Amino acid sequence: MHEMSIAMNILDIASQQAREAGAKVVHSIEIEVGDLAGIEVAALEFCFETARRSTQATSTADLVVHRIEGTGRCVECRREVPVDFYIAFCPDCPNVGLEIIQGRELKVRSLQVD
Amino acid sequence: MCDSCGCNQPADAVTYRRPGQPESDQHHDHHHGHDHSHDHSHDHGHDQHHDHHHGETQPRTIDVEQDILLKNNLLAQRNRGWFEAKDILALNLVSSPGSGKTTLLERTIADLQTETPIAVIEGDQQTLNDAERIGATGAPVIQVNTGHGCHLDAEMIRRACAELEPADGSILMIENVGNLVCPAMFDLGEAAKVVIISVTEGDDKPLKYPTMFAAADVCLINKIDLLPYVDFDVERCEEAARTVNPRLEFRRVSATTGEGLEQWYDWLRSRRGES
């Protein structure tokens, strides 16, 4: 499934960054995964363990996952509420939708190298 | 070894073919998604001395802050720009396998192609079958076979368009791999997603696969000629879909009898008018 291609993308980013920094070994890769990003973290971790062997630099790298909670903000009253899906409505304003302001992240935050 | 043409490439490579194109003739795209130029750290002679040195380098942190799907998203935006420049209305057709996407396309092309040119990109894991059906209508079509892949991505669309050369002012129908999950994550550069569900599926599908229904602009409920024989409640399905996407529009159609198709064509015409 595509968690494998996400894992490979993470490793490509890490390898490239390590190469540019002249680093030989990547010890860990920190990523952010929003709860609304559509990623199954367990599947991603599973795929990462296999995919990391594709380059010498990343072969023993740990994947550190920071999960980001979904948050929505009402477009009218500006109240912010936690959400678990990106279509959500304000608990105070009838039928007014929430703008998702957090939770869709899918990025490599940093690497620990050498 | 690739078992299609015997070349030294992985068997799960993405391919691009026209109807009737023999397998050995296909354009291989073995560069699927990720960069093969990996860093193999070669230890040259002089580096050996550093390895024996006991002054360790300090571990350091490199800040990256890079979106993982950046590459696909950038390519999708590039596709989007290309479509706009050529006044092409690109639509991403998504559904479970078996909802009737290809039949609907055959019918749409037959009815509309004198009005507006239509070009098609077909996506499946294997076979040329869908492209051959579309080819028989006379519309230009290219088949992308993803191998093990579960969705089309922006790079595949870019390459398919380079082959297909859709005409300026045309509608480009992209029939995605039958899958209600993965395609939602991969922007192709389309103007809109069309989600198709048939009445032989469950009417609670939009709740079970909310991501896809939330991402779509219009939902076609197909095979309505079979309603007398199934338990499908159309109102309930539309209501379910509206809870995950309040702005979703619906058209009830039968690709085989033709019922309701004019409303689908009107939706196409109104989107075509906007481009």
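Reply:
**Salt bridges and the contact between chains**

Arg251(B) is buried, because its relative accessible area is 18%, and the cut-off for buried is under 20%. Keep in mind that this is a predicted model.

Arg251(B) has a charged partner. Its side chain meets that of Glu249(B) in a salt bridge, 3.0 Å from N to O. Glu249(B) is partly exposed, with a relative accessible area of 36%. Elsewhere, salt bridges with shared partners link Glu115(B), Glu262(B), Asp266(B) and Arg269(B) into one network.

Now take Arg252(B). Its side chain forms a salt bridge with Glu235(B), at 3.2 Å from N to O. Glu235(B) sits in helix α8 of chain B, residues 234–244, while Arg252(B) sits in strand β10, residues 249–252, so the bridge ties together parts 17 residues apart in sequence. Arg252(B) is partly exposed, at 35% relative accessible area.

Helix α8 of chain B also holds a pair of its own. Arg242(B) and Glu238(B) both lie in this helix, four residues apart, which is about one turn. Their side chains meet in a salt bridge of 3.8 Å, N to O. The two ends of this bridge have their own labels. Glu238(B) counts as buried, at 6% relative accessibility. Arg242(B) is partly exposed, at 37%. Over all chains, the whole structure has 26 salt bridges.

Next comes the contact between the chains. Chain B gives 35 residues to the contact, and chain A gives 35 residues. The area buried between them is about 3200 Å², and carbon and sulfur atoms give 58% of that area.

Two salt bridges cross the interface of chain B and chain A. Arg60(B) forms a salt bridge with Asp114(A), with the closest N and O atoms 3.8 Å apart.

Which elements of chain B give two or more residues to the side that touches chain A? They are β3 (60–67), α7 (210–215) and α8. The largest share, eight residues, comes from β3(B). By type, the residues on this side of chain B divide into 13 nonpolar, 14 polar and eight charged.

Six bridges join β3(B) to strand β6 of chain A, residues 106–113, and the two strands run antiparallel. Within this pairing, Asp63(B) in β3(B) stands opposite Ser110(A).

Notes
Residues are numbered from 1 along each chain as its sequence is written. Chains are lettered from A and ligands numbered from 1 in the order in which they are written. This is a predicted model: local features need pLDDT of at least 70, side-chain atom pairs count only at pLDDT 80 or more; totals for chains, interfaces and linings use all residues. Side-chain values use heavy atoms; hydrogens and water are left out. A salt bridge is a side-chain nitrogen of Lys or Arg within 4 Å of a carboxyl oxygen of Asp or Glu. Buried means under 20% relative accessible area, exposed over 50%, partly exposed in between (1.4 Å probe, protein chains only). Contact means heavy atoms within 4.5 Å. Buried area is the accessible area (1.4 Å probe) that two parts lose on being put together, summed over both. Ala, Val, Leu, Ile, Met, Phe, Trp, Tyr, Cys and Pro count as nonpolar, Asp, Glu, Lys and Arg as charged, and the others, Gly among them, as polar. Two strands pair if DSSP finds at least two bridges between them.
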